[in-house]
Amino acid sequence: MLWYKAWLETRGRFLTCLITLTAFCFIFVHHAQEIAFRGDGLSRAGRPADYYRLLFVTQQFLVMMWVVSVVLLGMGGLIRERAFGVSTLTLSLPVSRCRLFGVRVAVGMVEATALVVLPWCAVFLTSFSAGLPIRFSQVSFYIFLILGGGLSYFAMAILVSSVVEGEYTAPAIAFGLVLLTAIAFDAWLRPYSLWRLITGDLSIDRHTYLLSSGFPWSGVAVSLAAAVAMLFLALQRIRKRDF
Amino acid sequence: MSESFAIRTNDLTKSYRQFVAVDSLHLAVPKNRITAFLGPNGAGKSTTIKMLLGMIRPTGGNATILGHRISSPSENCRLRQRVAYVAEDKPLYGFMTVEQLIRFTRRFYSDWQIDQEQRLLAEYRLPLPKKVRSLSKGMRTKLALLLAFARRPELLILDEPSEGLDPVGIEHLLRMLVSQAAEGVTVFFSSHQLAEVERVADQVCILNHGRLGLNARIDELHQSYRRIDVVFETTPSERELAVPGIERIRSNGRQMTVLASRNADQIIRRARDLSAVSVEVSPVPLRDIFLETVKED
């Protein structure tokens, strides 16, 4: 039943983000279709690179909106409940803090996954039904990039919400950290930029706009390791804290 | 040998830097009785309860509830299966409806009493489809009590349970507490409503500045505590009346009022020896005992 509670707690945020992201993708693809294939006499299959470039741009926007969404989904938990005075109810249930934390993270991850998969499914289906050149491998590549590299943003949001109290303080700090890391990586560590990794900027061929090299396993592994470390720290914080 | 106490604390301490919220608390709450946990605001009652339920880590000492050590997270988790707790502010998930919250809570307790749930739902007239956040304070209190009573706990811990209830609700609550105790449930509740405590409690623990000021059966308190009004021929000195058991003396000319926690007979004899012209003995209400226990030196 903790799943049920976590779902009820986050469903408003989740559904709003899902509808926004999916609608954005649907509209963007429709718009892209007009730009890439403006009745200039070329066949639809004749200029796939233009369309793949637009799909790459879709991924850039999707990543931005997805990061905002998962940071919002990462907010909550016992610290926020404490601010609202309901942590005593949760903590009086016969379940451990580890389980409470685990269920919250698991539900958040499922929702974060849905926020990538469903919008890209919308892109795929819209393109496919319109007869546009779209590869399943390219779509799954973008999905795995966001999930593999981007879950560290979700973990960071969980960590912040496990440390910082206050309904507005925690998201403000989390969004500040997202911006700060983006700027810091871009300024000094550009080849290792997490943002460039998950948008596909580091792996895309600039002529065909298709995956040029293999999947960036090492970058994704480092990002996932960072996510696990942040979740571990958040759990330790929750386990030891007084409520 | 089965443990005869539902709650036992030994040197239980909680301090926040220099401030000691609970100070070496030795508390023993007997099973199958109603024990009132009293104290002024900030005495450490809620902190003690939260320590017992594993929400706050003690800085010293230890405690057991129904034989489970509170310091062990796994044992604390198991004890919460056997304990129902209603917190002071009656916190409930505002994003759930009444029905969702009942269904959510029910799933954690295998021996949930559906009949009790239905009976209380009808008595409290709780609207099932309504969001908890839109309920009044009194309705939230009733819902919190329903969730506690319907799970068939062995120990019921209530922090200010009557807060927000109207007189009818309070009357119903007190009857429920008595009936729960009659069914073998140990009730441990904090309250500032001493008249309610006096009606239902078997035992009283008074906490002051984090320390246990008094832990006694309420009938014993009524038997041993006496107020003795004495009128003397001449104005006596308070020191002349010094007898063990005198908690407080108030003098007004030749009149003296003594609050005695024991030795009332000896005090009366001593007063007569000092040429008292009139001695009147009366029982002491819990309110006076409480005020005496928590008075500032």
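**Domain arrangement and sheet of chain B**

1. In chain B, the C-alpha centres of domain 1 and domain 2 are 38 Å apart. This value, like the others in this note, refers to a predicted model. The domain assignment places domain 1 of chain B at 5-217 and domain 2 of chain B at 225-294.

2. Where these two domains of chain B touch, domain 1 supplies 10 residues and domain 2 supplies 5 residues. On the domain 1 side, the elements giving two or more residues are α7 (194-200), β9 (203-208) and β10 (211-217) of chain B. The most is given by α7(B), with 3 residues.

3. As to composition, the side of domain 1 of chain B that touches domain 2 of chain B comprises 6 nonpolar, 3 polar and 1 charged residues.

4. Chain B also has an open sheet of 4 strands, in the order β2-β1-β4-β5, with antiparallel pairing. Its edge strands are β2 (19-30) and β5 (68-69) of chain B, each of which pairs on one side only.

5. Within this sheet, β1 (residues 5-16) and β4 (residues 60-65) of chain B form an antiparallel pair over 5 bridges.

Note on methods:
Residues numbered from 1 in each chain as written. Chains lettered and ligands numbered in written order. Predicted model: local features only at pLDDT ≥ 70, side-chain atom pairs only at ≥ 80, totals over all residues. Domains from an automatic or database assignment. Contact = placed C-beta atoms within 7 Å. Nonpolar A, V, L, I, M, F, W, Y, C, P; charged D, E, K, R; others polar. Pairing = 2+ DSSP bridges.
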